[in-house]
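Hi,

Here is the structure I promised to pass on. Have a look at it first, and then read my notes below.

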Amino acid sequence: MTSVSPVALKRHAPLLYSVALSCLLCPSESWSQTTQSSQTLDPVVVQPSATPQRARRATNGNASRAARSRQQRNVAANTGAPVATPTGPVFAAPTLNLTGTTSTGSRLGLTRLQTPASVEVISAETMAERGQQNLIDAVTQNATGFTASPAPGNGSIAFNTRGFTGNGTVMTLYDGTRLYVGSGTLTFPYDTWSAERVEVLRGPASVMYGEGAVGGAINVISKLPLWVPRNQAEISLDSNMTRRIAVDSGGPINKDVAYRITATGNMSDGWVDRDNTSNVEVHAAVQIKQTEDITWTISTDYGDRSPSRYFGTPLINGKLDESLRFRNYNVGDSSIRYQDSWNQVKTEWQVTDSITLRNTLYYLNSQRHWKDVETYNFSAATGRINRSDYIEIFHDQQQIGDRFDATFRGHIFGMTNEFVAGFDVNQIDFKHTNNSPYGGTSSVSLTDFFPGSFAATTTQTVPGFSTTTNQYGLFAENRLSITEQLALIAGIRQDEPTINRTDYVTPGNSFEKSFSATSWRAGAVYTPIKDLAFYGQYSTAVDPVGGLVSLAATNKNFELATGKQVEIGVKQSFWGGRGEWTLAGYQIVKNNLLARDPNLPSMVVQVGQQSSRGVEASVGLALDHGWRIDANTAFLRAKYDDFVQSVGGVAVNYAGNVPANVPQNVSNIWATWAFAPDWSANVGVQFVGRIYADNANTLVRPAYQVVNAGVQWKADRNTTVSFRVYNLLDEVYATSGGTNQWLLGLPRTAQLAVNVKF
């Protein structure tokens with residue numbers, strides 16, 4: 001076992017008490033904590049599993065497990081520091097985690113080095129240090145090759161990666177459970193305060209989570225109950241008058257029960273005019289150790305958000321006029337509200353040292369409402385902005401389901417083998433109420449105008465349609481260690497969803513449709529020396545056409561789109577854990593896109609094809625004198641191979657064009673410097689290449705670079721004061737938008753925050 005010397009403790013006592021404890025609980029092959037003596041931030045203990053699986057395999061009998069549990073509780077009681085579970089890696093630095101386990105790339109609890117895929121972990125400490133308080137910032141500013149296209153219409157949660165965009169092809173999950181996307185919208189999770197970490201999988205993820213993940217998956221892992229008392233609170237204020245308060249409390253109730261409660265609330269005046277926002281999020285969890293081998297975790301989450309009602313800045317003759325940057329062209333009484341609740345009961349049973357059973361029962365509910373004017377076009381003839389699409393929409397969505405898996409560890413012909421199999425079953429009820437066909441128009445001046453109110457239209461807001469989707473999936477994954485250096489990993493999943501749609505406006509468009517889809521992947525990992533892994537993988541995936549739970553009658557006869565990927569790469573942790581690097585190359589081909597018949601443009605056929613190929617690289621270094629560098633970059637060539645669309649009644653093939661909202665290069669660079677005792681500073685630069693705003697590639701959103709910087713001061717062991725400036729150079733840039741209006745990014749914003757632990 002590694003340990004921290006008394007000399008090191010004496011030199012760095014305020015910081016290293018918890019580090020020393022972590023080292024005592026961490027296997028000898030883990031990274032050395034003493035290399036980070038210059039860091040001024042508290043280390044994070046990551047607990048990816050409620051039950052310590054791998055450590056249990058190394059012990060025999062209930063007596064050993066009970067003794068180990070008592071020892072951990074006694075140490076925690078004496079130190080007041082968090083205790084790491086045996087599977088929970090204690091990262092040498094917030095961003096160095098190749099040897100840590102993840103649950104997103106595999107159900108077998110493999111480390112990133114053991115997984116034949118591109119998987120990243122963004123720890124809670126990383127997000128806190130860099131001031132990333134929402135999921136969009138955390139992913140796009142840290143993960144390799146990710147951008148986002150947030151808009152009020154899609155719930156402001158929509159990601160792009162590896163040439164594929166939107167909630168239909170880049171999946172978002174919470175604790176490994178997906179909320180099925182209704183009408184292209186996802187509204188939870190959004191705040192990072194309740195997240196222990198965010199795990200990111202680049203490339204097809206259907207074999208893990210089912211249809212809808214050709215591009216990748218983002219898995220937000222919530223904070224687990226704590227077995228030692230720990231409390232913290234944070235308040236912040238920024239130059240947009242964003243007021244934020246957050247609390248986090250956890251600890252044992254008795255020797256067998258522990259809890260965790262986090263809550264955060266935000267209110268803001270917004271950075272465009274007339275755009276007050278607010279949100280509240282609460283996460284509560286209780287963990288019960290029924291026995292040393294059976295653990296129950298019961299959690300509930302609630303989010304209530306009144307987000308931005310800014311739908312973008314209209315272009316003037318196809319160009320952005322920066323003088324309109326802070327104008328909000330929505331009506332004065334516009335309103336948007338999202339209410340989400342998420343309830344889970346997780347059970348883990350360590351039957352023997354080689355058999356583990358896990359079950360997750362969940363119920364999700366999402367209520368959404370929009371009432372606003374969403375489209376703004378500049379009229380060259382009048383010099384005014386014509387507003388249209390007076391939209392009112394309600395979403396009523398519930399999802400109930402259960403996921404079970406069993407893991408078996410043993411040997412086949414003398415070779416170590418790990419196998420997991422299980423099922424995923426759920427029912428999704430979705431109701432869409434609207435005032436389609438969204439009439440209403442108005443015209444306002446460019447600068448000096450009365451915003452007006454939501455105009456009455458001839459169409460009332462009435463139920464449009466509802467669907468009930470029943471889905472079940474069977475999955476399995478296996479890892480066979482041929483030698484100590486070579487392992488083969490394979491997985492397969494079969495999904496069988498059935499959609500029953502009731503159309504209230506046109507009853508003749510009601511239907512029932514069933515799909516059947518098989519996803520699989522096979523890969524190999526070769527580790528010639530310790531902590532250096534070469535890997536290769538072939539994987540397949542499926543995507544719904546236009547969204548599964550909101551499938552329209554016009555698309556009911558089409559099959560699921562299919563994708564396949566080939567990826568090769570190398571990963572290494574080196575320099576005693578103070579450095580790591582990854583390199584990956586891939587090609588993805590997606591077939592069965594909806595396209596127009598070249599000979600009959602009015603007819604839609606399923607013959608389109610889209611592809612992307614690229615190279616991604618990352619590096620992390622914890623250097624001497626308090627320096628830490630993290631950088632990643634992605635270069636890709638995404639294009640339509642065959643994509644015919646009707647333009648003015650004429651068939652136009654966009655083959656060779658770049659899909660909209662897809663940058664061809666994305667990079668992130670972060671530098672952190674602990675320049676004095678109890679002081680640290682960081683600066684991050686996000687580079688996003690130019691983006692086409694339409695599939696015809698006639699309009700380009702320019703490339704941009706956003707610089708964020710901050711300074712942290714630990715006033716004492718439990719108090720941290722942070723000053724940050726977002727978009728330091730006040731770059732004017734667009735995050736999403738089409739040919740008529742663009743949604744602009746946050747302007748230069750200063751923030752002061754105080755975090756207190758007690």
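**What I found**

Helices here are DSSP runs of H or I with at least four residues, strands are runs of E with at least two, and both are numbered from the N terminus. Before you go further, note that this is a predicted model, in which local features need pLDDT of at least 70 and side-chain atom pairs count only at pLDDT 80 or more, while totals for chains, interfaces and linings use all residues. Residues are numbered from 1 along each chain as its sequence is written, and side-chain values use heavy atoms, with hydrogens and water left out.

Back to Gln132: is it buried or exposed? Gln132 counts as buried, because its relative accessibility is 2% (buried means under 20% relative accessible area, exposed over 50%, and partly exposed in between, with a 1.4 Å probe and protein chains only). If we skip its neighbours within four places in sequence, Gln132 is in contact with several residues, including Thr126, Met127, Asn142, Thr192 and Trp670 (contact means heavy atoms within 4.5 Å). For Asn142, which comes 10 residues apart from Gln132 along the chain, the C-alpha atoms of the two are separated by 9.7 Å.

**The whole protein**

Zooming out, the protein has 7 helices and 39 strands. Of its 758 residues, 57% count as buried. Among contacts with a separation of 6 or more, 68% are between residues 24 or more positions apart. The protein exposes about 28,700 Å², and carbon and sulfur atoms supply 59% of that (areas come from the Shrake-Rupley method with a 1.4 Å probe; for residues, only the protein chains shown count as cover).

**The cores**

Which residues touch the most other members of the largest nonpolar core? In this core of 25 residues, they are Leu135, Val139, Phe146, Phe159, Val198, Val200 and Ile218. A nonpolar core is a set of buried Ala, Val, Leu, Ile, Met, Phe, Trp, Tyr and Cys residues joined through side-chain atoms within 4.5 Å. Two or more residues each come from helix 6 (135-140), strand 2 (146-148), strand 5 (170-174), strand 7 (195-202), strand 8 (216-222) and strand 16. Helix 6 gives the largest share of this core, with 4 residues. Another core lies apart from it, with 17 residues, among them Leu324, Trp370, Ile391 and Phe454.

As for Val198, its contacts beyond four places in sequence include Leu135, Val139 and Ile218.

Strands of a sheet pair through backbone hydrogen bonds, either parallel or antiparallel. For this model, two strands pair if DSSP finds at least two bridges between them.

Strand 16 (residues 355-379) pairs with strand 17 (residues 384-412) in the antiparallel sense over 24 bridges. These two form a hairpin with 4 residues between them, and Gly383 in the turn has a positive phi of about 70°. Ser379 has Arg384 in strand 17 as its bridge partner.

Strand 17 also pairs with strand 18 (residues 415-434), antiparallel again, over 20 bridges. That hairpin has 2 residues between its strands, with Phe413 in the turn at a positive phi of about 50°. Gln398 has Asp429 in strand 18 as its bridge partner. Strand 17 is joined to strand 19 (residues 441-444) too, by 4 bridges, and they run antiparallel.

**A patch on the surface**

Have a look at Trp627, Trp673, Phe675, Trp679, Val711 and Trp713: they form a nonpolar patch on the surface, with about 540 Å² of accessible area together. Strand 31 (665-676) and strand 35 (704-716) each supply at least two residues of the patch.

Trp679 sits in strand 32 (residues 679-688) and is partly exposed, with a relative accessible area of 33%. Its bridge partner in strand 35 is Trp713. Strand 32 and strand 35 pair antiparallel over 10 bridges.

Cheers

Definitions and conventions:
Patch = residues over 30% accessible without salt bridge, like charges linked within 9 Å, V, L, I, M, F, W, Y side chains within 5 Å. Salt bridge = Lys/Arg side-chain N within 4 Å of Asp/Glu carboxyl O.
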